[in-house]
2 protein chains.
Amino acid sequence: MRWDGEALQLLDQRLLPLEEVWVPCRTASDVAEAIRTMVVRGAPAIGVSAAFGMALAARAGADLARAADELKRSRPTAVNLAWAVDRMLAARDDLVREAERILEEDVAANRAIGRHGAALLGGSSTVLTHCNAGALATGGYGTALGVIRAAIESGKHVAVFADETRPYLQGARLTAWELQRDNIDVTLITDNMSGHFFQQGKFDAVVVGADRIAANGDTANKIGTYTVAVLAQAHGVPFYVAAPLSTIDPNCPSGAEIPIEERSAAEVVEMFGSRVAPEGINVRHPAFDVTPARLITAIITERGVLRAPYGDALRGIA
Amino acid sequence: MRWDGEALQLLDQRLLPLEEVWVPCRTASDVAEAIRTMVVRGAPAIGVSAAFGMALAARAGADLARAADELKRSRPTAVNLAWAVDRMLAARDDLVREAERILEEDVAANRAIGRHGAALLGGSSTVLTHCNAGALATGGYGTALGVIRAAIESGKHVAVFADETRPYLQGARLTAWELQRDNIDVTLITDNMSGHFFQQGKFDAVVVGADRIAANGDTANKIGTYTVAVLAQAHGVPFYVAAPLSTIDPNCPSGAEIPIEERSAAEVVEMFGSRVAPEGINVRHPAFDVTPARLITAIITERGVLRAPYGDALRGIA
């Protein structure tokens with residue numbers, strides 16, 4: 001994403017890796033629509049985008065409370081969205097500068113997450129990741145992929161397996177794309193293959209991002225993350241969550257209180273204009289799931305690596 | 001599938017549910033090609049198809065040993081293929097009648113599997129299945145889906161969740177299609193959603209088919225089955241394998257000796273002519289995985305329900 005002085009320019013993540021199209025957002029409503037339709041996705045990235053949405057509303061002299069409401073309602077699960085909007089409401093003056101600060105801080109947080117997380121990986125590791133918690137999901141550098149980038153920058157050898165992450169294929173389309181551009185060794189698998197490679201001892205660690213971390217450490221992330229966490233525990237592989245402090249929701253006591261967005265059936269049964277299932281079929285499409293704290297080996301934040309009991313650790317760091 | 005007196009007619013399973021196209025196989029090579037390219041798939045169905053391939057070779061006066069070799073090499077994992085070919089080689093005379101007998105016996109076996117398995121389901125159950133172990137995967141009626149059909153025929157209420165089963169989408173394209181045609185309550189999910197619904201207590205049982213069962217009960221089935229088995233155990237949900245005796249390989253001591261077919265990267269990264277990942281990306285594509293016997297609650301065969309220790313149970317029944 002980039003702020004060009006007049007508009008927030010978003011790289012349309014629905015079209016990657018086939019096309020690189022930039023979508024200009026000139027109003028808060030444009031930003032809300034881009035978030036809702038997944039032009040931009042990834043908890044930190046939608047937080048930063050929403051901040052620029054507030055800045056656009058302020059510049060246009062629009063009703064900030066109304067813009068805040070529209071932006072917050074655009075997607076329900078990622079808490080960074082509400083966090084960024086509330087911070088913009090509290091700032092009030094020079095909102096463009098405040099949004100730029102949120103962007104800069106997010107990139108700096110990712111670099112710090114990367115440094116802390118890199119220390120957790122061995123000198124030669126194969127890491128499984130799910131969805132895209134990379135540069136595209138954040139202001140830049142990435143959370144989970146930031147850990148991998150930092151480990152490689154520190155001289156470690158890291159190979160990555162990327163789950164394709166149905167239905168939106170963020171792993172195939174976005175993680176594979178951005179790691180390939182950085183010349184990082186990446187292998188694409190379908191979501192249902194990870195168990196087989198766990199069984200074969202292929203993975204040394206799992207690193208994923210987060211959309212919301214409850215006060216007890218329960219973590220909402222892209223659908224399929226919970227399955228990976230169960231597999232990791234069954235095979236004795238460490239399971240790491242990498243996320244900035246803005247992802248922590250101290251008002252959510254546990255994962256049970258995190259709202260899980262249910263998206264449309266069409267996103268499951270249609271692929272590139274082709275139907276993949278019979279007409280009229282019932283479909284469920286929860287976009288996120290909750291990984292209980294007991295399955296999480298550590299939470300990597302910009303202020304350091306947290307371990308269980310997470311309630312105390314999260315209170316101590318916030 | 002149907003034998004029209006001259007050719008084996010196969011419903012092209014690659015085109016379902018969008019198109020219903022029948023492919024005539026007039027030679028053993030036609031059948032081997034149909035198996036290799038997945039016009040027909042499902043362990044029992046490829047066994048029956050291979051039997052008709054041998055019958056076609058015999059009618060044409062072709063070299064039976066050569067036809068047997070070509071058919072056996074068409075896919076490596078399902079043992080029913082070799083079983084059916086060997087049975088045809090042993091039969092020698094009136095091979096068309098012998099192939100028809102294999103087809104009839106397979107349907108009868110599925111009906112018996114259904115009766116035995118139906119007793120394992122409660123009066124009102126939600127069952128998760130993976131891939132397609134239905135009428136399309138067999139001579140008719142199905143193994144895993146036969147259990148569901150028989151339970152419903154016996155007056156039980158069964159709702160089915162079908163994993164879409166990437167990369168070939170047998171769940172979305174085939175299981176959803178055949179259950180919908182039978183007016184059975186079916187809900188489609190992506191493979192990475194099943195963990196979330198296990199966590200929510202949605203499933204009362206898992207029923208899947210098998211491509212090869214080793215002498216110790218370890219079971220090869222469609223990629224992703226192992227992940228479902230790990231999830232089932234983690235949530236205390238019974239995990240049933242439904243398969244005819246022709247799927248058992250007494251010469252395979254354990255799952256470690258079952259050959260796992262690795263199929264092409266193109267099948268993962270291309271969907272309906274669209275690329276879903278960047279050019280040149282590394283891809284792994286194991287088509288099957290092995291579920292260890294310890295994760296299997298019972299194996300449902302046409303001769304009854306087997307429980308651990310499977311070594312003894314399988315020896316006793318074969």
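Trainee: Which residues of H4(A) does H3(A) meet?
Mentor: In this predicted model, local features need pLDDT of at least 70 and side-chain atom pairs 80 or more, while totals for chains, interfaces and linings use all residues; side-chain values use heavy atoms, without hydrogens or water. Residues count from 1 along each chain as its sequence is written, with chains lettered from A and ligands numbered from 1 in written order. Helices (DSSP H or I runs, at least four residues) and strands (E, at least two) are numbered from the N terminus. From H3(A), A:Leu64, A:Ala68, A:Leu71 and A:Lys72 make contact (heavy atoms within 4.5 Å) with A:Leu81, A:Ala82, A:Val85, A:Asp86 and A:Leu89.

Trainee: And how are H3(A) and H4(A) set relative to each other?
Mentor: Their axes, lines fitted to C-alpha atoms over the stretch in contact, lie 9 Å apart at about 170 degrees. Angles from 0 to 180 degrees between N-to-C directions are used, and those over 145 count as roughly antiparallel. H3(A) and H4(A) are therefore roughly antiparallel.

Trainee: Which strands stand at the edges of the eight-stranded sheet?
Mentor: Good one! This open, mixed sheet runs S17(A)-S16(A)-S10(A)-S7(A)-S4(A)-S5(A)-S6(A)-S14(B), where pairing takes at least two DSSP bridges. Two strands have a single partner each, so one side of each lacks a neighbour in the sheet: S17 (304-306) of chain A and S14 (282-283) of chain B.

Methods:
Angles under 35 degrees count as roughly parallel, over 145 as roughly antiparallel, 65 to 115 as roughly perpendicular and the rest as oblique.
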